[in-house]
Amino acid sequence: MSIYLDHNAGAPARPEAIAATARMLAGADGNPASVHRTGQRARRALEQARAQVAKLIGAAPREIVFTSGGTEANNFAISGALASAGKRRRVITSALEHSSILAPLGESETRGFEIVRIAPDGDGRVPPAAVIAALDDATALVTLGLVNAEVGSILDATPIAEAAARAGAIFHLDAAQAAGRIAINAHQPRCDLMTLSAHKLGGLAGVGALFIRAGITIAPQILGGPQEAAMRAGTPNLVGAVAFGVAAEAAGAAMETERARIETMAAAMLAGLRAGIPGVRLNGPRDARVANTLNLTFPGVLGESMLIALDLEGVEVSMGSACAAGAVEPSHVLLAMGRSAAEARSSLRISLGWNTAPAEIDAALAVITRVWRRVSQAEPLGAIAIGAVR
Amino acid sequence: MSARVLVAMSGGVDSSVAAAILREQGHDVVGVAMRLAPEPERRAARTRATCCSHEDFEDARRVAERMDFPFYVVDLRAEFGARVIDNFVGEYLAGRTPNPCVMCNREIKFDRLWERARALGADFVATGHYARIERGSDGRFRLLRAADASKDQSYFLFSLTQAELSRTMFPLGAMTKAEVRGRARALGLANADKPESQEICFVPDNDYAGFVERRASGGQLRAGKILDSNGNALATHSGVHRFTVGQRRGLGVAAGEPLYVREIRPESGDVVVGPRAALNAVGLTAREVSMVDPSIRQAGPIRAEVKIRYRHPALPATVTIDSARRAEVRFAAAGPAVTPGQACVFYRGDEVLGGGFIERAIEA
């Protein structure tokens, strides 16, 4: 059996989500838009899920629009906000963000929006002062991640939210990696839009949500029927939404105990790696970081080799992002933090989650240390050209 | 526990069947596809049947799924650029005609990939090459031609050392191409009838000259004159990298009899042409000579059959190797055009003794 330490890519479904999925598939589904009683039951289930998701972030149920995932929610937030931006042409983001934020912003740039990409500090934190300094009365949107997927840094969102409100800009927080891990209230600090993803907290992939604060108007992006209060057309993914709801409820209820457990395990992992691998370096802030995420630079080895060797030994971690061909690319987050390409190529992300067990940490620690020793001897970095590819 | 074997997979039928055979034999197979060509060239080549494309990787991945072994894409672009492409460009600029497949085998598949294999805990590297490895009663490894003479690829493998052969597997060495395709069909592999790649994988549209021009800086390109054997200028040309010794077409020179490139002088930019008969060399010198069994080198001149190109019959010759890893080859009868930069490989019957890279022809 493999040891799964890649929760930031996707958490295994929680037992509550699996049970709810089985129940729905066994005959409790239907189209919430139908008039008949099956439809009515479906509608009740959908609305219950909406309430459960809303509760996790202190929102009202009507502020939640279900989407096909975090990527659609981020695209919706950006395109929807900019469609009604009027004369405001500036967008503020950071160089650390997920591709589902950076790619639509790149597209907006070609249509005449000015994209300000704030540089993070060396620990992967976006300095609020730099964001606030960039805010002006031409700013349409501030879009930032609450928790960074690669290094786990937590954004100091309060001063940014306040400044965005003063400037009249829409404030969008991508909370896909934060929800279920840290306490969140979408109204405190005040967010206008917030992205959520089900499978990061133990729901199913293929469903997410966008929180849209009551009173905020953004343009729907998927047009058709009047579903989701006319904000997102299409028959909703009822099974996925129900699983999302129960997973959100379970994650919320267990948050404090899980956080403490994960913090203890992650600390043991870090201490063990430091003892066994001289020179291993933690990327990301020491404080203001979610405990589950350990991004580490391993001295003298290629991360790609470590990743594959660990997989062959049954320890599953990740590195940067996968390209279309399935090869790994160095993390754009580490590069934005000022790490060299060589350092980024020597880095791996280990991310724990709700079902990680202490025995797995002990076993993984032994495997990682052994594999690092083998890889660093067999494939010494000094002899390998790892510069930029021409 | 069974040996772990790292199989280099291109997505083609040969390496797929090689991996499948090893898996059926019970080895702990790990499939890898190598990203080698730089991105702009890959994009340019995407519509063509070259290797290293996304579709090829997916073909390899499907074989791994069907045969139930792990598969990964590994990024060796930096090493391939530094050790194979830069060499390829440099050779053309120096007026020679390189063989990048030989370099890729020497530098990447059986060197750099072996480091990776060890890092992954593998004991062997396997490929879909058509060639055989045998271990003699004296414990020495021998590299032999494939059973299928029409597919034999031992020419490209001459630089393999005893240490490399000891950790290498060629599962297809005893099979014909038809048998390989038949095996692929029997195993239900989707790429059983996939056409072979013929071109150099990193050069789009087989346009070597254009590739060299894109990779070289302008000052490195050596334009000059086309001269006849008496030194008379017949025409001008835009770079020596556009010519290969023995080439007939595309000279841009009209003459009564067919003219061939006899010699390329990169320092002056002169390209000397002459009639067919002027090309026949009696021998050649080679550099970077290596012997599969190094003890042979000390034994003085050796009789061998020498291949001076991949698709060329082996010629009887005498080979003398000096201590600086250089060799002088004398053909038993006047040979054909000798192209500097190509590999020359020494055979004795089916056995590869060694080889090197052609430096220049020895004229009569």
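**Exercise 1.** Determine with which residues A243(A) is in contact, leaving aside its neighbours within four places in sequence.

*Solution.* Two residues are in contact if their C-beta atoms, placed from the backbone, lie within 7 Å. With those neighbours set aside, A243(A) has as partners A13(A), A17(A), A20(A), T21(A), A198(A), G203(A) and L204(A). The model is a predicted one, in which local features need pLDDT of at least 70, side-chain atom pairs count only at pLDDT 80 or more, and totals for chains, interfaces and linings use all residues. Residues are numbered from 1 along each chain as its sequence is written, and chains are lettered from A and ligands numbered from 1 in the order in which they are written.

**Exercise 2.** Describe how helix 3 and helix 4 of chain A cross.

*Solution.* Helices (H or I, at least four residues) and strands (E, at least two) are DSSP runs, numbered from the N terminus. Axes are lines fitted to C-alpha atoms, for helices over the stretch in contact, with angles from 0 to 180 degrees between N-to-C directions. The axes of helix 3 (residues 70–83) and helix 4 (residues 99–110) of chain A come within 9 Å and cross at roughly 30 degrees. Helix 3 of chain A is therefore roughly parallel to helix 4 of chain A, a term for angles under 35 degrees. Among the residues making this contact are I78(A) of helix 3 and L105(A) of helix 4.

**Exercise 3.** State how many residues each chain gives to the contact between chain A and chain B.

*Solution.* Chain B gives 21 residues and chain A gives 19 residues. On the side of chain B that touches chain A, helix 4 of chain B supplies the largest share, five residues.

Technical notes: Angles under 35 degrees count as roughly parallel, over 145 as roughly antiparallel, 65 to 115 as roughly perpendicular and the rest as oblique.
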